[in-house]
Amino acid sequence: MDCFMSRRLMGTPPAVTDLNSGALREASVLGYHITPLFSYYSYHGPVFRVMLRMNRGKLPQNRNYGFISYCTECGNSQAFSWNELGRISCPCSDAKVSSSLVVSGPLWIGPLHNASYLTEMLNLAEQWGWTGNDTETHLGKLLKQMIDESDPKLPFGYIKLDEVASRAKINSPPLRTMMSALNKEGYAVSRSHIASNAIKTNCPMAVCIRIAKELQQC
Ligand SMILES: [Zn+2]
């Protein structure tokens with residue numbers, strides 16, 4: 001069964017994962033488990049909308065449901081499972097418990113979209129003339145961006161380039177240049193449909209800062 005949830009939320013992008021988490025908890029009580037087909041953020045509002053697929057039966061252990069840490073010291077974000085809850089630390093503090101960590105959860109930390117579902121949507125949109133190769137529309141661009149975001153190598157959330165720049169004490173690097181530099185170093189990277197000057201990547205903040213500094217010197 002597929003269902004559509006929409007919620008008007010002020011505030012930060014973790015609200016998308018929070019919306020998924022709420023649905024997951026409610027479904028679990030009813031004996032179902034859910035997976036998001038797509039999660040859409042619209043800055044008009046702002047509104048977060050999630051299309052969910054509900055399947056009968058609970059998952060014994062949901063690895064997509066866990067905790068997110070953000071380090072105010074180095075800017076690094078990480079996901080942790082329930083089992084790791086007592087051992088949350090940031091690489092910048094030598095695996096010691098650190099007061100610089102802000103932990104949120106339990107939250108949905110799995111993928112925000114289902115890539116094959118989005119690809120089907122994109123194909124239909126092309127068939128119906130809503131988007132096409134010659135006429136690039138907002139819808140086509142958005143769906144392609146969401147498909148890029150579905151790369152399973154990409155973690156939850158995104159990194160704002162302004163934060164990288166302010167931590168590196170440089171001007172914000174151009175988005176495209178930063179993305180190709182990360183690609184060259186073997187990291188997965190995509191744009192984020194939620195924030196225009198941000199990237200989704202599995203590259204740690206410290207490495208993003210190093211790369212951004214190197215780009216500045218070119
Ligand atoms: Zn840290």
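**Two loop residues**

A: Happy to! Ser 99 sits in the loop between β5 (77–80) and β6 (101–108). Keep in mind that this is a predicted model.

Q: Is Ser 99 buried or exposed, and why?
A: Ser 99 counts as exposed, because it has 8 C-beta neighbours inside 10 Å and the cut-off for exposed is 12 or fewer.

Q: OK, new topic. Where is Asn 64 found?
A: Asn 64 is also a loop residue, placed between β3 (47–56) and β4 (65–71).

Q: And is Asn 64 buried or exposed?
A: Asn 64 is buried, because 21 C-beta neighbours lie inside 10 Å, and 20 or more is the cut-off for that label.

Q: Which residues does Asn 64 touch, leaving out those up to four places away in sequence?
A: Those would be Trp 108, Ile 109 and Gly 110. As for Pro 111, its C-alpha atom is 7.9 Å from that of Asn 64, and the two are 47 residues apart along the chain.

Q: Let's zoom out. How many helices and strands does the chain have?
A: There are six helices and nine strands.

Q: What share of the chain is buried?
A: Of its 218 residues, 28% count as buried.

Q: And what about contacts between residues 24 or more positions apart?
A: Such pairs make up 63% of the chain's contacts with a separation of 6 or more.

Terms used. Residues numbered from 1 in each chain as written. Predicted model: local features only at pLDDT ≥ 70, side-chain atom pairs only at ≥ 80, totals over all residues. Helix = DSSP H or I, 4+ residues; strand = E, 2+ residues; numbered from the N terminus. Contact = placed C-beta atoms within 7 Å.
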